[in-house]
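Have the sequence and the 3D view open as you read.

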Amino acid sequence: MMSYVTETPAAAPEIAIAHFAGRLSVETDCADVAHALQSGEQDFVLLHAVGTEAAYARRHVPGAIHLPHREITAERMTAWPAGTLFVAYCAGPHCNGADQAALKIARLGRPVKIMIGGITGWEDEGFAFASGAAPGEPKQVLAA
């Protein structure tokens, strides 16, 4: 008897390695971003890639810069050195703003990942949000 799980055989390890390494080269998750922020190991620019300034001011991931994907241009990106890694996030799984931002950034020749889950994932993990027009303090990432 075969289940739906085993009906299609698992990939050979080398295929699985290539697949998962490929995904991890373009994605990160909320827990890894929170750890980097909390530990002071933030070696990337975190971009809140959707919404209005008012929505950003209501709540955003601490340390994130509000840069909607529609405003990503070659001129705007010159604010950061060429090798800077960008991590974009959006509202959550129902939103593709992070994907749109990541595509624009990649087309500009910049390294980029998306934070899967976005704001919804951040909230689901129980992490605290920042509010106001400024990025906020990354040290206050973990909820009490």
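This is a predicted model: local features need pLDDT of at least 70, side-chain atom pairs count only at pLDDT 80 or more; totals for chains, interfaces and linings use all residues.

Contact here means heavy atoms within 4.5 Å. The buried residues of H6 pack against strand S2, helix H5, strand S4 and strand S5. Those buried residues are Gly 97, Ala 98, Ala 101, Ala 102 and Ile 105. Because they cover an arc of only 130° around the axis, they lie on the same side of H6. An α-helix has 3.6 residues a turn, so residues three or four places apart point the same way.

Here are the elements with their residue ranges.

| Element | Residues |
|---|---|
| Helix H6 | 97-107 |
| Helix H5 | 74-77 |
| Strand S2 | 45-48 |
| Strand S4 | 86-89 |
| Strand S5 | 112-116 |

How exposed or buried is Ala 98? Its relative accessibility is 3%, so Ala 98 counts as buried. Beyond its sequence neighbours up to four places away, Ala 98 touches Ala 88, Tyr 89, Cys 90 and Ile 114.

Now to the cores. The largest nonpolar core has 17 residues, and Leu 47, Leu 67 and Ile 105 are among those with the most contacts inside it. S2, S4, H6 and S5 each supply at least two residues of this core, with H6 giving the largest share, four residues. A second, separate core of 15 residues includes Phe 44, Val 87, Tyr 89 and Ile 119.

Finally, H6 is followed by Gly 109, which has a positive phi near 80°.

Technical notes. Residues are numbered from 1 along each chain as its sequence is written. Side-chain values use heavy atoms; hydrogens and water are left out. Buried means under 20% relative accessible area, exposed over 50%, partly exposed in between (1.4 Å probe, protein chains only). A nonpolar core is a set of buried Ala, Val, Leu, Ile, Met, Phe, Trp, Tyr and Cys residues joined through side-chain atoms within 4.5 Å. The arc is that of the directions from the helix axis to the C-beta atoms.
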